[in-house]
Amino acid sequence: MHLFLIIALLVIVSALYSYVNARWLKLPGTIGIMSLAIIGSLITIVIDKVDPNSAKYLTILAKNINFSTTVLNIMLGFLLFASAFNLNTKRLKKEMWPVFVLSTIGVIISSAIFGTLLYYVIGLLDIKIPYIYCLLFGALVSPTDPVAVGAIITRSKLPTNLSTIISGESLFNDGIGLVLFITLLEITQSGVNNIDFGKAVILFVQEVFGGIALGAVTGLLAHRLMKSINDFQTIVLVSFGLVMLDSLVATYLHLSIPLAVVTAGLFAGGRSINVDDKDHSHQALEKFWTLIDELLNTMLFVMIGLQMVNFPFLQHYWLSGMVGIVLILAARWASIMLPLTFLRRSLNVNYGSINILTWAGLRGGISIALALSLPASDYRHFILSGTYFIVIFSIIVQGLTLNRVINATYKNQPESTGS
């Protein structure tokens with residue numbers, strides 16, 4: 001299928017769903033578009049069985065988009081950079097310790113608990129999957145989605161410190177989760193007995209800290225370049241070039257692309273690039289990246305919905321999908337509770353925040369992209385289907401009720417404006 005036709009159909013479908021949601025449904029953007037895309041996919045599947053020609057173009061669109069490659073290699077860098085560039089770095093510094101703990105230790109704990117619980121629960125259901133594949137499943141569904149949760153919490157009574165923790169955690173845990181996923185995937189392919197754990201640790205450190213170092217250096221350089229000029233077109237090109245440069249260099253040097261672009265976004269956007277008081281380049285650049293974020297976000301969730309056309313096996317995994325939803329919520333709760341219990345004095349989070357942090361753990365396109373990137377095996381359909389159920393539940397059910405949970409928790413408290 002011609003590349004332009006794919007892009008044109010994707011943009012047209014995204015515009016249609018976005019209009020219908022804005023005009024009639026009036027749901028939060030990510031939730032409304034995702035819901036419409038799922039409904040559209042279900043209708044496409046039904047029509048395709050009755051009259052294949054009637055649903056020809058939507059079916060072709062869904063089957064010709066390489067979702068995993070598109071999300072991980074193209075869209076992810078821009079989405080994460082946009083979120084990081086617009087994040088308030090002063091607030092992030094105040095909450096850096098809980099953000100660090102939840103995005104690193106929390107992801108590892110969540111992956112381990114989910115994988116362990118899944119292994120024993122599905123064993124009771126007489127489903128046999130090796131333990132390492134259960135851990136791999138946990139690694140790809142543990143990272144939370146910064147795109148999905150960001151648009152939802154802005155209209156709630158969530159205190160500023162919790163809002164910053166949720167946003168910051170979701171930015172950094174993508175990189176950690178991706179590195180953990182790659183490490184476990186290598187173990188599944190090489191075998192536990194053949195893996196060099198010393199080498200695996202070195203690669204993990206290289207991916208994480210190398211990505212952060214790359215983003216810090218290029219982000220500071222880009223900030224100086226943008227601050228030295230007042231030509232907005234050039235400033236935009238420098239910011240675009242920054243994302244692409246980090247993505248290319250990180251790929252070539254085997255560093256974490258998510259951590260590189262997030263760090264670059266924080267360093268590039270953490271301080272104003274305005275030349276003088278009359279210059280509003282920084283504010284304009286923030287609005288530009290907000291627009292890019294929203295456009296890519298819309299297309300991403302349309303693509304997630306369209307993927308249902310490619311999953312005819314979903315109907316065979318309802319039970320395991322429901323089990324996965326329950327277990328990921330339990331793992332998410334435990335991954336917050338355990339660090340909070342042992343590090344309560346260091347973390348600026350109280351026990352009353354655990355339920356909110358748990359319910360705010362929305363999963364999105366990254367989890368599905370990682371699941372789709374799995375090589376062929378006897379367990380791929382199980383993991384892919386379970387991931388899809390978890391993502392749909394988190395975005396639609398958790399997304400629709402998150403503000404209610406937050407507002408119910410803080411209904412007797414004034415809306416917070418500081419940490």
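I began with the accessibility scale: buried means under 20% relative accessible area, exposed over 50%, and partly exposed in between, with a 1.4 Å probe and protein chains only. By that scale I count Lys93 as exposed, because its relative accessible area is 67%. I noted that this is a predicted model, where local features need pLDDT of at least 70, side-chain atom pairs count only at pLDDT 80 or more, and totals for chains, interfaces and linings use all residues. Residues are numbered from 1 along each chain as its sequence is written, and side-chain values use heavy atoms, with hydrogens and water left out.

**Charged surface**

I placed Lys93 in helix α5; helices are DSSP runs (H or I, at least four residues), numbered from the N terminus. Next I looked up patches, which are made of residues with over 30% relative accessible area and no salt bridge, like charges being joined within 9 Å and nonpolar side chains (Val, Leu, Ile, Met, Phe, Trp, Tyr) within 5 Å. I found a positive patch made of Lys90, Arg91, Lys93, Lys94, Arg224, Lys227 and Arg271. Its largest share, 4 residues, comes from α5. Both α5 (89-94) and α11 (197-227) supply at least two of its residues.

**Nonpolar surface**

I then met Val201, Val205, Phe209 and Ile212, which make a nonpolar surface patch of about 350 Å². Phe209 sits in helix α11 and counts as exposed, because its relative accessibility is 53%.

**Salt bridge**

How many salt bridges does the structure hold? I found 1, taking a salt bridge as a side-chain nitrogen of Lys or Arg within 4 Å of a carboxyl oxygen of Asp or Glu. The partners are Arg332 and Glu169, at 2.6 Å from N to O. This pair links distant parts of the chain, 163 residues apart, with Arg332 in helix α15 (residues 318-342) and Glu169 in helix α10 (residues 160-190). Both Arg332 and Glu169 are buried.

**Aromatic rings**

For rings of Phe, Tyr and Trp (its six-membered ring), I paired centres within 6.5 Å, calling planes under 30 degrees apart stacked, over 60 edge-to-face and the rest tilted. The count came to 17 aromatic pairs. Phe288 and Trp289 are edge-to-face, at 5.7 Å centre to centre and 85 degrees between the planes. I list Phe288 as partly exposed because its relative accessibility is 22%, and Trp289 as buried because its value is 0%. Tyr317 and Phe382 are also edge-to-face, at 6.1 Å and 75 degrees. Finally, I noted one aromatic cluster, formed by Phe78, Phe81, Phe85, Phe240, Phe288 and Trp289.

Conventions: Accessible areas come from the Shrake-Rupley method with a 1.4 Å probe; for residues, only the protein chains shown count as cover. Lys and Arg count as positive and Asp and Glu as negative; His and the chain ends are not counted. The place of a charge is taken as NZ of Lys, CZ of Arg, CG of Asp or CD of Glu.
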